[in-house]
Amino acid sequence: MGKAAAAALAATPQRLAITGGRLEDDNRAIYAEMRRLSGGRILILPTASSEPMEVGEETRAAFATHGFDAEVLPVFAGVSGAGAAFDPTLVEKAAGAGGFYFTGGDQGLITGTLAPGGAQTPLLRAIRRRVAEGGLLAGSSAGLRLKPWPMGSRPPPISLAFWWGRGWASSGMG
């Protein structure tokens, strides 16, 4: 990546939607803000869940009810799911996504699947690249751990949709 491209990426606001606990299906305000930030296109990653198929479909249906073009990526712990993090078709989908929503569960399943042994998979690299370009990164509970900056460092400018109780706020932050 050239210096000009790196500078452009550094200047792009990061978009995060951080939902504590569980995002309730009837919270129209937060879904509307996530739809705006993602352009209405979101990929659901139930990677942290112990029941990823069921949780993924339930989450996809909730997003679809709120007007999203939502799709579940079958990326979860286990031999077949973990292999999906190397699937070129899924990597291509991530490269064109408006946003990503990580469900709650066990955050160790996320890191073990997307960064086994600490090595980033092609899917994780594509997600990080898309978020750096302005794609939405959203999550609930264990999905909160997926922020695009290292722990202990100052976060980059972000557009933030923040869920707290039943209220929300949206703003640019530096």
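Mentor: A residue is called buried when its relative accessible area is under 20%, exposed when it is over 50%, and partly exposed in between, using a 1.4 Å probe and protein chains only. In this chain, buried residues make up 42% of the 174 residues.

Trainee: What should I keep in mind about the model itself?

Mentor: This is a predicted model, where local features need pLDDT of at least 70, side-chain atom pairs count only at pLDDT 80 or more, and totals for chains, interfaces and linings use all residues. Residues are numbered from 1 along each chain as its sequence is written, and side-chain values use heavy atoms, with hydrogens and water left out.

Trainee: How many helices and strands does the chain have?

Mentor: Helices (H or I, at least four residues) and strands (E, at least two) are DSSP runs, numbered from the N terminus. Here there are seven helices and seven strands, in the order α-β-α-β-α-β-α-α-β-α-α-β-β-β.

Trainee: Which strands pair with β2?

Mentor: Two strands pair if DSSP finds at least two bridges between them. Strand β3 (residues 69–72) runs parallel to β2 and is joined to it by four bridges; Ile 42 has Ala 70 in β3 as its bridge partner. Strand β4 (residues 99–102) also pairs with β2 in the parallel sense, over four bridges, and there Leu 45 is partnered by Phe 102.

Trainee: And what do β2, helix α3 and β3 make together?

Mentor: A crossover is right-handed if, with the strands pointing away from the viewer, the path from the first strand over the helix to the second runs clockwise. With α3 spanning residues 52–65, these elements form a right-handed β-α-β unit.

Trainee: How many aromatic pairs does the structure hold?

Mentor: Rings of Phe, Tyr and Trp (its six-membered ring) pair if their centres lie within 6.5 Å; planes under 30 degrees apart count as stacked, over 60 as edge-to-face and the rest as tilted. The structure holds three such pairs. In one of them, the ring centres of Tyr 31 and Phe 63 are 5.2 Å apart with planes at 80 degrees, so this pair is edge-to-face. Tyr 31 sits in helix α2 (residues 28–38) and Phe 63 in helix α3, so the pair ties together parts 32 residues apart in sequence.

Trainee: Are Tyr 31 and Phe 63 buried or exposed?

Mentor: Tyr 31 is buried, at 2% relative accessibility, and Phe 63 is buried at 0%.
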